[in-house]
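User: Hi! I've got a structure open and would like to talk it through with you. Can you help me make sense of what I'm looking at?
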Amino acid sequence: MGRYGNLDYPRLAKGGLGLGLALFLFGAIGAKVALAMSGGQLPGWERTLFFDAEWIGIALVVFSPIIFGIVLPLTE
């Protein structure tokens, strides 16, 4: 057994990348669709939700492969 238990690093890296892409697309496409459906006015909480989803998605896409694909396997 490894240092961090029995982790499947390739699955975690791919899963994090997929989740990040899904969050980014939810934020980007969701904001455009919601603006089009509401006539250009969105409540503040919806704008914040879509904005945060985009940035969290970008962070996951960038850091998930680095952490689970490079750093943790090298420290095993």
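Analyst: Happy to! In this predicted model, residues 24 or more positions apart account for 75% of the contacts with a separation of 6 or more.

User: What secondary structure does the protein have?
Analyst: The protein has two helices and zero strands. With a radius of gyration of 17 Å, well over the 11 Å that the globule rule gives for 76 residues, it is more spread out than a compact globule.

User: And what box do the C-alpha atoms fill?
Analyst: Along the principal axes, the box is roughly 55 × 15 × 15 Å.

User: How many residues does helix α1 have, and what span does it reach?
Analyst: Helix α1 covers residues 9-38, which is 30 residues. From first C-alpha to last it reaches 42 Å, close to the 44 Å expected at 1.5 Å a residue.

User: Which residues of α1 are buried?
Analyst: Those are Y9, A13, G16, G20, G27, G30, A31 and A34. Helix α2 is included in what covers the buried residues of α1.

User: What happens just after α1?
Analyst: G39 sits there, with a positive phi of about 80°.

User: Let's hop over to α2. Is S64 buried or exposed?
Analyst: S64, which lies in helix α2, has a relative accessible area of 5%; that is under the 20% cut-off, so S64 is buried.

User: What is S64 in contact with?
Analyst: Leaving aside neighbours within four places in sequence, S64 is in contact with L12, A13, G16, L17, A59 and G69.

User: Where is L60, and what is it in contact with?
Analyst: L60 is in helix α2 too. Neighbours within four places aside, L60 is in contact with G16, L19, G20, L23 and P65.

User: How far apart are the C-alpha atoms of L60 and F24?
Analyst: They are separated by 9.3 Å, while L60 and F24 are 36 residues apart along the chain.

User: What is the relative accessible area of L60?
Analyst: L60 has 27%, so L60 counts as partly exposed.

User: OK, surface now. Which residues form the nonpolar patch?
Analyst: The patch is made of F51, W55, I58, V62, F63, I66, I67, I70, V71 and L74, with about 960 Å² of accessible area together. One of them, I66, is found in helix α2, which runs over residues 44-75. I66 is partly exposed, with a relative accessible area of 37%.

User: Why might residues three or four places apart point the same way?
Analyst: An α-helix has 3.6 residues a turn, so residues with that spacing point the same way.

User: Last topic: how many salt bridges does the structure hold?
Analyst: It holds one. The side chains of D8 and R11 meet in it, at 3.6 Å from N to O.

User: How exposed are D8 and R11?
Analyst: D8 is partly exposed at 37% relative accessibility. R11, at 55%, counts as exposed, because the cut-off for exposed is over 50%.

Conventions
Residues are numbered from 1 along each chain as its sequence is written. This is a predicted model: local features need pLDDT of at least 70, side-chain atom pairs count only at pLDDT 80 or more; totals for chains, interfaces and linings use all residues. Side-chain values use heavy atoms; hydrogens and water are left out. Patches are made of residues with over 30% relative accessible area and no salt bridge: like charges are joined within 9 Å, nonpolar side chains (Val, Leu, Ile, Met, Phe, Trp, Tyr) within 5 Å. Accessible areas come from the Shrake-Rupley method with a 1.4 Å probe; for residues, only the protein chains shown count as cover. A salt bridge is a side-chain nitrogen of Lys or Arg within 4 Å of a carboxyl oxygen of Asp or Glu. Helices (H or I, at least four residues) and strands (E, at least two) are DSSP runs, numbered from the N terminus. Buried means under 20% relative accessible area, exposed over 50%, partly exposed in between (1.4 Å probe, protein chains only). The expected span of a helix is 1.5 Å times one less than its number of residues. Contact means heavy atoms within 4.5 Å. The radius of gyration is taken over C-alpha atoms; the globule rule is 2.2 Å times the number of residues to the power 0.38.
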